[in-house]
Structures are given as C-alpha cells and as structure tokens.
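Subject: Handover of a structure and summary of findings

Dear colleague,

A summary of what was found in it comes after.

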Amino acid sequence: MSFEQSKWVWRNGEIIRWEDATTHVSAHALHYGSGVFEGMRCYATGDGPAIFRLDAHIDRFYASAGVYGLEIPYSRFELIDAIEEVIRRNEFASCYVRPLCYFGSSSLAVHPAKCPVEVVILAWPWAPYLGAVGLEKGVRVTVSPWKKFHSEMMPTTAKACGQYLNSILAVRDAVQRGYDEALLLNQEGHLAEGSGENLFIVRNGEVVTNDERDSILMGITRDAVMRIAQDLGHRVVTRAMTLEDLLGADEAFFTGTAAEVTPIREVDGLLISGGNRGHITENIQRVFFSAVAGRELRYKDWLHVVAQPLELSHR
Ligand SMILES: Cc1ncc(COP(=O)(O)O)c(C=O)c1O
C-alpha cells in the first residue's frame, strides 16, 4: 500500500490535495457504512496508462448507489473525466482507483433523508493484493467460521461499504490463524467467495464458478476470466460449488480487481493441485496479464486508455 505517492484526490467536482481530503466525524457513512464504492486497476500499456473494464465498473458504481438511494450527481462522462484527471495529476503509470459515494453530514437518523451525497475518487499504487509470491505460488485459505450474508439480507451484488464488515470479520479471523485469505460459505452451506474475491475451481478441464444465487458480488474480473477460459477452449460452468468440490478440485483460484488471478494452493491444510499453481490457472493468468497490459488484440476493448494532455487539447 503506498498512499505516500498519492498527492491528489477528486472530491465533489474538484481536485484537492490528499491531505485536505478529510470528512467530518458526523458523516452518516462513518456511523452506518452508508456508502458504495468501486475498485479498478489502471495498468501500464504501450498506449499509456489504461483502466481495465472501466465501463463495467462505472455501471456497477451507479447500480450499487441506486440500491441505497445515493443519487450520484455526476454523469458517467464527468466521472470518467474525473478518474482520468486523478490518474494524470498523480502521474501514475499504473495504480488502483477507488471511487466512493457516501452519505455525508447532516443528521444521524438511520434514514439518511437529508444527508448530502458526497463523491470522491482516490488512486494509489497497489502491489498484488495477496502478494507477488501468492500470484506465482498460490495462497493458503481457510473456510471461515463466518457465513457470507444472504442476498435476501443485503444485496450482495452491490458493492457497499457496510457490507464489508462481514468480509472484515472473515479475513481478520483467517489472518489471525495464519492463513492468507478466508473463504466464506453461504447460508445454504455452499461456497460463496473470498473476503474480496470470487472463487473458481477447475475439474477435468472444466472451469467452474458460482453466481449471484450463491450470494456473491458479481465480479468484473470473474466475468473477464470466464471469457478468457472459454477462449482458451475450456467449458465454463456456472453452478453452486460445495466444499467437497473444492477439496477434490484439480485447481482453484481467486479473481478480483485487487487480487487479479491468484491461485489457491491449500485449504485448511489440504493441498490443491499438489500445493502448486495449476497449469490451467497459469494459462488463464498469462492471458489475463497480457490482456491488461494491452497485448491481446481481442480484449483491447476491455481497456480505457487515459487521455493525455495533448489529446485533451484536441478534444
Ligand atoms: C466480496 C468481493 N467479491 C468479489 C470481488 C471481485 O470483484 P471484481 O472482480 O469486480 O473486483 C470483490 C472485489 O471487488 C469483492 O470485494
């Protein structure tokens, strides 16, 4: 994590200094988690910094906000401009980008009726979330004693701040017990997802993952990886997965903006894929990292190149 390198933040329509981007302690979101956010990565490519799946992230940002009655007072073009501006002003060649929309300060009634809607965009360089070694060798996960909340309790397809308390409980427990990440089961006892990643297993050449019926966030990386796996010639199956499926899998991996494509090499002491990164996982990773670097023609439309000052003057 390197916040130190981030000098500029976008807040409610203007670029301000990182140290000035503060909020009042009476903000509704601070008390009740009443905000929504996105996480996207901007990668260095031959055409300059490019944001991976920007459109999909913006769509999900509006959709999450809609669920909680947060009316984002900016058009998608204004948001895209703002995101580009944050990356440019910070002079990042690659970074993680975090738009956040939340109820600000006015009242602390649970109903946020009169609270202003605040929008901020941060960016900072962020190394592989589960470690560079994790990307290559795989991570050790544990099944969490905490269940993933059911989609009838809160919409798991929305990326909302307060919803992450469930993930925080799970990942703190996992790390305290010496694991890299937690895997949450859902109310039905099926596998749901990691604290911040979707789950895939590979069995007999088939690539399997679950969907919103299992109370997961519908990951944008998940979607890209399903397409890559298909294009690599694998049958991609969407269905509920059990712990037995995982333990008997040939390979398993996580996907997520932060975690990218991270192999799972162990679940509670039981080795997956002999405790190594599986071959199919490695192939998917290879294509994924090539795509985000702009080296795969067929996935070029997944990248939004950040406009540079010269191009802007010609707009
Ligand atoms: C709970 C959860 N599941 C899955 C994901 C993966 O989603 P995406 O690939 O859109 O980043 C994330 C990360 O955003 C997450 O927080």
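The following paragraphs describe the chain as a whole and then a selection of individual residues.

Please note at the outset that this is a predicted model.

Overall architecture

The protein chain contains nine helices and 17 strands. Its C-alpha atoms occupy a box of roughly 50 × 50 × 30 Å along the principal axes. The radius of gyration is 20 Å, and a compact globule of 315 residues would have a value near 20 Å, so the chain agrees with that expectation. Of the 315 residues, 52% count as buried. The accessible surface amounts to about 14200 Å², and carbon and sulfur atoms account for 53% of that surface.

As to contacts, consider those between residues at least 6 apart in sequence: 70% of them join residues at least 24 apart.

Glu 38

Glu 38 lies in the loop that connects strand 3 (35-37) to strand 4 (40-45). Is this residue, Glu 38, buried or exposed? Its relative accessible area is 0%, which is under the 20% limit, and Glu 38 is therefore classed as buried. The side chain of Glu 38 makes a polar contact of 2.7 Å with the side chain of His 57. Leaving aside residues up to four places away in sequence, Glu 38 touches His 57, Arg 60, Phe 61, Tyr 96, Val 97, Arg 98, Pro 99 and Lys 159.

Ala 224 and Arg 53

Ala 224 belongs to helix 6, which covers residues 220-231. With a relative accessible area of 0%, Ala 224 is likewise buried. Which residues does Ala 224 touch, not counting residues up to four places away in sequence? They are Phe 52, Arg 53 and Trp 302. The C-alpha atoms of Ala 224 and Phe 288 are separated by 8.2 Å, and these two residues are 64 residues apart along the chain.

Arg 53, one of the residues touched by Ala 224, is located in the loop between strand 5 (48-52) and helix 2 (54-67). Because its relative accessible area of 14% falls under 20%, Arg 53 counts as buried. Arg 53 is not a glycine, yet it has a positive phi of about 55 degrees. For context, most residues other than glycine have a negative phi.

Asn 204

A positive phi is also found at Asn 204, a residue other than glycine, where the value is near 50 degrees. Asn 204 sits in the loop between strand 11 (198-203) and strand 12 (206-209). Its relative accessibility is 72%, and since this is over 50%, Asn 204 counts as exposed. Thus Arg 53 has its positive phi in a buried setting, whereas Asn 204 has its positive phi in an exposed one.

Gly 269

Gly 269 is placed in the loop between strand 15 (260-267) and strand 16 (270-271). At a relative accessible area of 49%, Gly 269 is partly exposed. How far is the C-alpha atom of Gly 269 separated from that of Gly 39, and how many residues apart along the chain are they? The separation is 31 Å, and the two glycines are 230 residues apart along the chain.

Yours sincerely

How values were computed. Residues numbered from 1 in each chain as written. Predicted model: local features only at pLDDT ≥ 70, side-chain atom pairs only at ≥ 80, totals over all residues. Heavy atoms only, no water. Helix = DSSP H or I, 4+ residues; strand = E, 2+ residues; numbered from the N terminus. Rg over C-alpha atoms; globule rule 2.2 N^0.38 Å. Buried < 20%, exposed > 50% of the residue type's maximum accessible area, 1.4 Å probe, protein only. Contact = heavy atoms within 4.5 Å. Areas by Shrake-Rupley, 256 points an atom, 1.4 Å probe, with all protein chains shown as cover. Polar contact = N/O pair within 3.5 Å; in protein donor to acceptor, adjacent residues only side chain to side chain.
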